[in-house]
Amino acid sequence: MMGRDLSFLLPELVLVGTAMLMIVAEMLRAARLGLAIGLAGLATATLLTLPVLDADTTVFSGTYRIDALSGWAKLILLPGTALALLMVRAEIGGRLREGSVHALIVLVTLGALMLSGAGDMMLVVLGVVLTGLGSFALVAWPRDDAATEAAMKFLIFGAVTGAVMIYGLTFWFGGTGSTLFADLGRLTGRPLVLAAGLTALIVGLGYKGALVPFHFWVPDAYQGAPVSIAAYLSVITKAAAFFALAQALRDLPREAGWPLALGLIAAATMTFGYLAALVQSNLVRLLAYSSIAQSGYLLLAVVALGASELALPALLVFAAAYVAMNLGAFAVVLLAGRELSDLEGFGRAHPWVGLSMAVFLFSLTGIPPLFGFVGKLGLFAAAIDAGHLWLAVIGILNSVLGLGVYLRLVVPMFAASERHGAMPMPAPLLTVIALTLAVTLSFGMVTGLFLR
Amino acid sequence: MIWLALTLLAPFGAGVAILALRRAPAAVAIAGAALGLAGALGLFASMTRGERIGAGLPFLPDFPISLEATPLTATLALLVATVTTAVLIHAAGYMARDPERVRFFGTMALFVAAMELLVLAGDWITLLAAWEMIGFSSYLLIGFWHGRPGVAGAALRAFLYTRSADLGLYLAVFLLIGRAGTSDIAATLDVTGTPALIAGLLLLVAAAGKSAQLPFQEWLLRAMAGPTPVSALLHSATLVAAGAILLIRTAPMLPEGVLVAVGLVGGATAVVTGLMALAERDLKRLLAASTASQYGFMLIAIAAGAPVAALLHLIAHAAIKSALFLGAGVFQHDRESTALEALAGAGRARPGIFAGFALAALALAGLPPMAAWFSKEAILTASWASPLAPWLMPSALAGALISAAYMGRALRVLWAGSAERAKAPVPFMAAGLWGLAALAATLGAAFGPLEALLGAAIAEGPRFLPLLGLAAAAGGLVLGWTLPPDRLLGPLFRQAETGFGIARALEALSTRPVLALAEAVERLETAVLSGILASGRAGLALAGAARRIDRDAIDGAIFALVDRLWGFGQRLRRLQSGLIHRELALSMIGIALLVAVLLIAPLSS
């Protein structure tokens, strides 16, 4: 029994071993070796996921799910983490404690994998804590005022929402006598207990997924943290939160009212994120608000769970697109600078990078034939299929706002300006941009297969 | 199948080749367009033999991406390919000295490929994707000279206006797919009842946005900032035509209620934008306003239940308007301006070009036996027989009179005045212009067989209708030639000059509220930070609670953590004034709302 369970857990086990070896490498002051181990470990874990992609089972007495959702989630999160490692290398390579950052990132990703396979409340809590602790440290890495304050804010929000989550989830345990999501069906007819646990789950994972009104830490944390860490947090831990939400809500009857509640949150998140992004002048803050808006879109797929066959595929496809295009956009920011004015004429001075940025931003808007377009199409189709036409309308209306936000970046990039001369182009960053660009450009067609 | 592929892939391949090789862009683009034209001709020929071609992805038969060639779509594809070839030949001369020719011809070729895709789309997903692609590539083309003042803004405006209206298309498509259970366009046209009504109205919004119908006409006038060949292409057979094409293709589905709305929009646009054209002081903007007005005619035809008449007018207008723009491009080169004042006498300096321009202008005015005469006749006949005749007839006649008047005025301005400074001959530009002008004059002869091919003949109307049309055309031309517009329009002139305030009203209704809302959100954030929230009367109790939590719980936690773990005593003060507690209070309100919704929602379901 144990042996069978462990054979399904090979990717996670490889990741644990990788993180340990990376810490050893850091103790030996061999940061480059640590990075190499990390990349190799992530690649191995990705490959080991492939054989169990078709599985639909659970391990450890039903607490951890090995199914299509968790399998595809690994295929999104693990390569995404590898790209983030390369970005970290480009930004803080050669500085003190670089290796610790690499190792922490791998550990946080382990937490993210747990979230996306969670079949049990305790595993959700564990995943939130594991991703949270590592993330606070990552944000605080620069050890200056801004980073420290950002990490503090992040931590306090995490502490409060975490407390609410754990408290609320005890109601579910009390109601069912079990911590398994699969047993939640027993709660039918006990609306108060159901509502308490749902609130808890939405608060805890909404904080991690940057949903309004639990998003306040996001702009500050992204701004205070190194850009590469902001990029990592904006995709990996966020996507994991939505996977966890999907795992839990799959087992709950829609009559419990969560589709409406989540729909309202999705509408508020999209609208708020884009409106706030419209008036930002700091590039990192702008991308932070834009990523809040994108969270609202991700939530569309979760809202459609249980009413539309398209919901899970749409969630995975858009998550994959989002990881690629958002990482790419942050990588360009790493090159160009943190202020909106840094972009002036950047596209002219560096046409290839500028064009890549334009592709990322247009994909975030949802312009065909880019990956983001296919993702959003899936989300809207799922929402409408589930009977939430109003939500799709709000989403489509917001995409006009989004266009305004992203054109504010694209237009100055190709204006004439003398600001930019030759600058060093670190190879790891160019690799990240090239890979995310390739995915953003070409995966639109490929995923059509998957949506069928 | 081969023809279908050639029609699409030739311009696409040309675009990719230009952008990749970066040399001989004009030659490659024209070669691509010519190959595409050959493909479209082949396609059209196989239609006349009664074949019907459909194609999906060869390796993915279930994938909802398909093309279809029917008499209607093949005709449109041929139209696009013909106009494109002529315009690109003209552009080879027009852009000869532009340093960014590669970008221009590359984008043009890709734009045309996207348009062919839109025309030949057999399912809604393909059509949506192509629709977005032409919107985006026209943004690139309108903003081609983005270094010049005002150009980037014009391109952005065009994109935002049309994209806002595109929402209609998205919703309509989702609704139709949801109803019919398939994304095949032909199959979704069977939808009836309320869904058809709603979908039809949404389609009308999308079409009005792309075809610059009221109240969206403003972007088209501003889009004149782009190179003139771009305008020629946008106005005749591509971007603007997409709206009318959408309605022509979905016409069999549109219920009575939608037809009324289409007729109202089309009739109003034909008259209002016609008046704007008459009052315009710039030749290109005059032509742009005229475009909106002519698409108004097509909407009238659709409302009258005669989409074939709309198609005929679309074809006639495509040849005419692209010829007019190409002529305007030559004059623009000569005088380096498109203001009517500066162009006085420009026509007399180049009689050959002027003759081509005049031929097209007379055709647009609706003089027999040229193309638009037949199509306007068909529209008048259909309007006469339609139940909406009391609205459609007067607006169609007034529109016809006004279009003849503004063409008369343009001809007068170009001819009267000093004929100095003719520059070197312009063989490429003249060739493109004359090819299209010849089409504009003779296309009418092809309309009879085309109606037969489409299987929709237009009924005969009463005898006096042609006379009425002829009177409107001739009368308009004489009025426009003899009277200056301010005398002709009288008190309406001021209104028409400012576009009847429609653009400003729309701006006030849409753009400004969004910006105001964005600022309000920003203010909310600032307000949170400056503590206004806590001082609000309603928030008093809450603030008290928040303060307690803050003092007892959060601050305690912070003190403990900071003191014990990090010892950041100094920073504590800053953090305390970082107002996290107010933001947390907002989160708490959110949680309260969440609980309320979760408790109420199950009761209502």
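## Aromatic pairs

Counting over all chains, this structure holds 24 aromatic pairs. Keep in mind that we're looking at a predicted model.

## Across the chains

Next up is a pair made by A:Phe362 and B:Phe136, again edge-to-face, at 4.6 Å centre to centre and with 65 degrees between the planes. Here the partners come from helix H15 (residues 351–365) of chain A, which holds A:Phe362, and helix H5 (residues 124–142) of chain B, which holds B:Phe136, so the pair joins two chains.

How buried is A:Phe362? Its relative accessible area is 8%, and the cut-off for buried is under 20%, so A:Phe362 counts as buried.

## A cluster in chain A

Some rings group up beyond simple pairs. One aromatic cluster brings together A:Phe136, A:Phe154, A:Tyr207, A:Trp217, A:Tyr222 and A:Phe330.

## Charges over rings

Aromatic faces also pick up charged partners here. In chain A, A:Arg254 lies over the face of A:Trp258, 5.7 Å from the ring centre. Over in chain B, it's a lysine and a phenylalanine: B:Lys376 has its charged end over the ring of B:Phe297, at 5.1 Å from the centre of that ring.

Methods. Residues are numbered from 1 along each chain as its sequence is written. Chains are lettered from A and ligands numbered from 1 in the order in which they are written. This is a predicted model: local features need pLDDT of at least 70, side-chain atom pairs count only at pLDDT 80 or more; totals for chains, interfaces and linings use all residues. Side-chain values use heavy atoms; hydrogens and water are left out. Rings of Phe, Tyr and Trp (its six-membered ring) pair if their centres lie within 6.5 Å; planes under 30 degrees apart count as stacked, over 60 as edge-to-face and the rest as tilted. Helices (H or I, at least four residues) and strands (E, at least two) are DSSP runs, numbered from the N terminus. Buried means under 20% relative accessible area, exposed over 50%, partly exposed in between (1.4 Å probe, protein chains only). A charge sits over a ring if NZ of Lys or CZ of Arg is within 6 Å of the ring centre and within 35 degrees of the ring normal.
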